[in-house]
2 protein chains.
Amino acid sequence: MDQRHASALKAAGMKATPKRLAILEMLEAEPGYASPEELWKRLKDRFDRLGLPTVYRNLEELSQSGVLSKVIHPNRQLYYYFCSNREHHHHFVCLSCRKVEDIPACGIEALEQEVSKRNGGKVLSHILQLNGLCGGCADNGEKR
Amino acid sequence: MDQRHASALKAAGMKATPKRLAILEMLEAEPGYASPEELWKRLKDRFDRLGLPTVYRNLEELSQSGVLSKVIHPNRQLYYYFCSNREHHHHFVCLSCRKVEDIPACGIEALEQEVSKRNGGKVLSHILQLNGLCGGCADNGEKR
DNA sequence: CCTCTAAATAGAAATGAATTCGTTTTAGAA
DNA sequence: TTCTAAAACGAATTCATTTCTATTTAGAGG
Ligand SMILES: [Mn+2]
Ligand SMILES: [Mn+2]
Ligand SMILES: [Zn+2]
Ligand SMILES: [Zn+2]
């Protein structure tokens with residue numbers, strides 16, 4: 001049992017079940033983002049019984065509690081990835097090979113302030129994501 | 001027939017059909033973002049026959065060509081809004097009343113440059129959206 | 001170690017937003 | 001006016017995601 005993941009789960013107020021730990025392990029080993037069904041297919045080998053709804057439910061809960069992150073994908077399907085950087089930051093995601101890279105600073109806190117001040121509203125969250133082709137994929141001229 | 005919208009369609013290389021014009025008129029009159037089905041229900045009154053797929057198709061095409069914009073909504077359903085600002089900019093969307101407000105500068109072009117340079121990839125697009133409660137909704141303490 | 005219970009999971013079934021497809025209609029160029 | 005590629009119809013379908021009820025289990029408390 002991976003103690004880091006167990007601690008992360010406890011910190012999030014979630015029970016450290018074998019399936020949750022396996023989801024985290026698998027996603028951490030993954031070089032990029034993955035879909036619930038992809039993870040499920042691969043996780044099934046490690047468990048006698050594992051339901052797809054369980055994978056969906058856990059991925060969503062883990063992303064709610066900040067242990068995992070979600071990709072905003074053009075095809076509007078769900079994808080998740082593991083990022084151990086606990087600072088506030090954002091990501092560059094490769095639409096070809098699914099690699100995810102950190103974007104250190106976003107400077108959006110200032111923007112939030114400004115928007116609040118100017119329009120009188122309250123900014124609850126922001127989405128910032130860069131989409132493109134990573135170094136390797138750009139070189140290969142891949143477009144998928 | 002609204003000449004502005006007809007021109008916009010022609011500029012996008014799309015035929016100026018009555019239904020497309022009606023979609024643009026309705027969405028321009030809308031104070032916030034709307035879903036394809038909502039627009040369809042209201043547009044049906046103005047046409048003997050109007051298919052929901054037609055509304056979906058046109059909204060998507062119009063957003064592809066930049067005449068309309070899309071909301072990234074937490075519920076992952078499709079919403080579109082009309083914005084006549086042709087400069088590159090982003091939006092603050094109210095999750096309660098659906099109002100959309102412009103965010104003038106995003107400063108992301110510089111970030112794109114930096115990411116390209118540091119990681120060697122190519123940034124094809126970026127998503128920036130602030131979610132929250134607009135002035136009116138924040139005051140009313142509304143949470144929906 | 002046990003016990004106990006709220007939380008987690010199974011798995012079949014349902015959901016419903018979005019899309020497909022073959023046919024019919026139409027915008028607009030010629 | 002004619003003609004054709006583009007647009008629209010709309011019933012049917014898709015399929016990613018969620019719901020639901022019964023069953024299992026993690027882990028707090030003894
Ligand atoms: Mn990261
Ligand atoms: Mn705008
Ligand atoms: Zn890549
Ligand atoms: Zn509002």
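## The interface between the chains

Chain A and chain B bury about 2700 Å² between them, and carbon and sulfur atoms give 62% of that area. Buried area here is the accessible area (1.4 Å probe) that two parts lose on being put together, summed over both. Three residues, A:R76, A:I127 and A:L130, supply 20% of the area that chain A buries against chain B, more than any other three residues.

The model is a predicted one, in which local features need pLDDT of at least 70 and side-chain atom pairs count only at pLDDT 80 or more, while totals for chains, interfaces and linings use all residues. Residues are numbered from 1 along each chain as its sequence is written, chains are lettered from A and ligands numbered from 1 in the order in which they are written, and side-chain values use heavy atoms, with hydrogens and water left out.

In terms of contacts, 34 residues of chain A touch 33 residues of chain B, a contact being heavy atoms within 4.5 Å. Across this interface there are 11 residue pairs in polar contact, both residues at pLDDT 80 or more. A polar contact is a pair of N or O atoms within 3.5 Å; within protein, one must be able to donate a hydrogen and the other to accept it, and residues adjacent in sequence count only if both atoms are side-chain atoms. The number of salt bridges between chain A and chain B is 0, where a salt bridge is a side-chain nitrogen of Lys or Arg within 4 Å of a carboxyl oxygen of Asp or Glu.

Which elements of chain A each supply at least two residues of the side that touches chain B? They are β4 (100–103), α5 (108–119), β5 (122–133) and α6. The largest share, 12 residues, comes from β5(A).

## Chain A as a whole

Chain A has 6 helices and 5 strands. Helices (H or I, at least four residues) and strands (E, at least two) are DSSP runs, numbered from the N terminus. Read from that end, the order of elements in chain A is α-α-α-α-β-β-β-β-α-β-α.

Along the principal axes, the C-alpha atoms of chain A fill a box of roughly 55 × 45 × 25 Å. Chain A has 144 residues, and 47% of them count as buried. Buried means under 20% relative accessible area, exposed over 50%, and partly exposed in between (1.4 Å probe, protein chains only). Among contacts in chain A between residues at least 6 apart in sequence, 47% join residues at least 24 apart.

## The zinc sites

Donors are N, O and S atoms within 2.8 Å of the metal (3.2 Å for Na, K and Ca); water is not among the atoms, so sites may look incomplete.

| Ion | Donors | Distance |
|---|---|---|
| zinc ion (ligand 3) | A:C94 (SG), A:C97 (SG), A:C134 (SG), A:C137 (SG) | 2.2 to 2.4 Å |
| zinc ion (ligand 4) | B:C94 (SG), B:C97 (SG), B:C134 (SG), B:C137 (SG) | 2.2 to 2.4 Å |

The donors of ligand 3 are spaced C-x2-C-x36-C-x2-C in sequence. A:C94 is in strand β3 (residues 90–94) of chain A and A:C137 in helix α6 (residues 135–140) of chain A, so this pair ties together parts 43 residues apart in sequence. A:C94 is buried at a relative accessible area of 0%, and A:C137 is buried at 5%.

Why is the arrangement around ligand 3 tetrahedral? Its 4 donor atoms subtend angles of 102 to 122 degrees, and four donors count as tetrahedral if all angles lie between 85 and 135 degrees. The 4 donor atoms around ligand 4 subtend 102 to 121 degrees, which makes that arrangement tetrahedral. For four tetrahedral donors the ideal angle at a metal is 109.5 degrees.

The donors of ligand 4 have the spacing C-x2-C-x36-C-x2-C. Here B:C94 in strand β3 of chain B and B:C137 in helix α6 (residues 135–140) of chain B are the pair that ties together parts 43 residues apart. B:C94 is buried, with 0% relative accessible area, and B:C137 is buried, with 5%.

B:H91 lies in strand β3 (residues 90–94) of chain B and B:D102 in strand β4 (residues 100–103) of chain B, 11 residues apart. B:H91 is buried at 6% relative accessibility, whereas B:D102 is partly exposed at 30%.

How values were computed: Four donors count as tetrahedral if all angles lie between 85 and 135 degrees; four count as square planar and six as octahedral if opposite donors are over 155 degrees apart and all others between 65 and 115; anything else is irregular.
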